[in-house]
Amino acid sequence: MARVSRRKEFLVKMFEEAMRAYEHPGEEWNEDEKEFLPIFTDLVGSCKVVLDLAGGYGRVSPYLIKNNNTVVLGDLSCHSLQLARKTILNSNFHIVRMDMLHLPFVDNVFDGVWFTQAFEYVPPDERENFLRALKRILKHYGIAFLNVAKVPNECALLSYIKNYIYWKIIRRQPIIWGEYIYKLHLKHYTGWHYHAVVFTKRIEKTFKKVGFKTIKTRYDKKGYLTYLLQAH
């Protein structure tokens, strides 16, 4: 049996720790979500199949179900999915517990994918593979929404560099440039929290490389890049 690499072991621990913060869901609406949601639903159309990827407790799912669409909510958090099962009662709504880095779907099955406030959990060295998988499960001309956290959204550049040195040199952990692990303080949980952030618009080159066309963008001064993409 092949030995799991030290980096993969590290990432598993980080993701397990990150999941603890979602035992009491508390995500709120962003301005980019409010702006892009009606555009997304118009482009997807009616009687379609939509994936609410890493959608937590289904905060957005009821809006995606409109127009008689079938919505699949996919997330790794048992707590969030249990809450969604109790609160969203609709025959067009389905729940799948899944790892977003290993999408368990056949090719060309979804007309749209809504992926919000979660790209920061895709490791930098997995971004291209993730986007290829995202395109794979979308139908031709299918629509994807996603937002990307940049460094200013998380911290100042100097703080990021200090954090990177701490984990790389002092803690001797196999992190790579673009990963930011910080102390999260919530009412129900305090611990280390993993994020992967981008420094430039290099991600747009990756979109094009894997076969996405950018339909609409939004550059938030607070540090978010938001995209509507179309699979080609």
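The side chain of Asp52 forms a polar contact with the side chain of Ser61 at 2.7 Å, a polar contact being a pair of N or O atoms within 3.5 Å in which, within protein, one atom must be able to donate a hydrogen and the other to accept it, and residues adjacent in sequence count only if both atoms are side-chain atoms. The model is predicted, so that local features require pLDDT of at least 70 and side-chain atom pairs pLDDT 80 or more, whereas totals for chains, interfaces and linings use all residues. Residues are numbered from 1 along each chain as its sequence is written, and side-chain values use heavy atoms, with hydrogens and water left out.

Asp52 is found in strand 1; helices (H or I, at least four residues) and strands (E, at least two) are DSSP runs numbered from the N terminus. Asp52 is buried without a salt bridge, and the nearest side chain of opposite charge, that of Arg59, is 7.5 Å away. Here buried denotes under 20% relative accessible area, exposed over 50%, and partly exposed the range in between (1.4 Å probe, protein chains only). A salt bridge places a side-chain nitrogen of Lys or Arg within 4 Å of a carboxyl oxygen of Asp or Glu; for charge, Lys and Arg count as positive and Asp and Glu as negative, while His and the chain ends are not counted. With neighbours within four places in sequence set aside, the contacts of Asp52 (heavy atoms within 4.5 Å) include Gly58, Val60, Leu64, Val71 and Trp114.

By the same rule, the count of salt bridges comes to twelve. Asp111 and Lys139 are joined by one of 3.4 Å, N to O. Because Asp111 belongs to strand 4 and Lys139 to strand 5, this pair ties together parts 28 residues apart in sequence. Asp111 is buried, with a relative accessible area of 13%, whereas Lys139 is partly exposed at 31%. Salt bridges with shared partners also join Glu35, Lys216, Arg218 and Asp220 into one network. In helix 1 (residues 6-20), Glu17 and Arg20 are three residues apart, which separates them by about one helical turn, and their side chains meet in a salt bridge of 3.3 Å, N to O. Arg20 is partly exposed, with a relative accessible area of 40%.

In helix 5 (residues 127-137), the buried residues are Arg127, Phe130, Leu131, Ala133, Leu134 and Ile137. They lie on the same side of the helix because they cover an arc of only 160° around the axis, taken from the directions between the helix axis and the C-beta atoms. Among the elements covering these residues are strand 1 (49-53), strand 4 (110-115), strand 5 (138-149) and helix 8 (202-210).

Overall, the protein chain contains eight helices and nine strands. Its radius of gyration is 18 Å, close to the 17 Å given by the globule rule for 232 residues, so the chain is as compact as a globular protein of that length; the radius is taken over C-alpha atoms, and the rule is 2.2 Å times the number of residues to the power 0.38. Buried residues make up 48% of the 232 residues. Of the contacts with a separation of 6 or more, 64% are between residues 24 or more positions apart.
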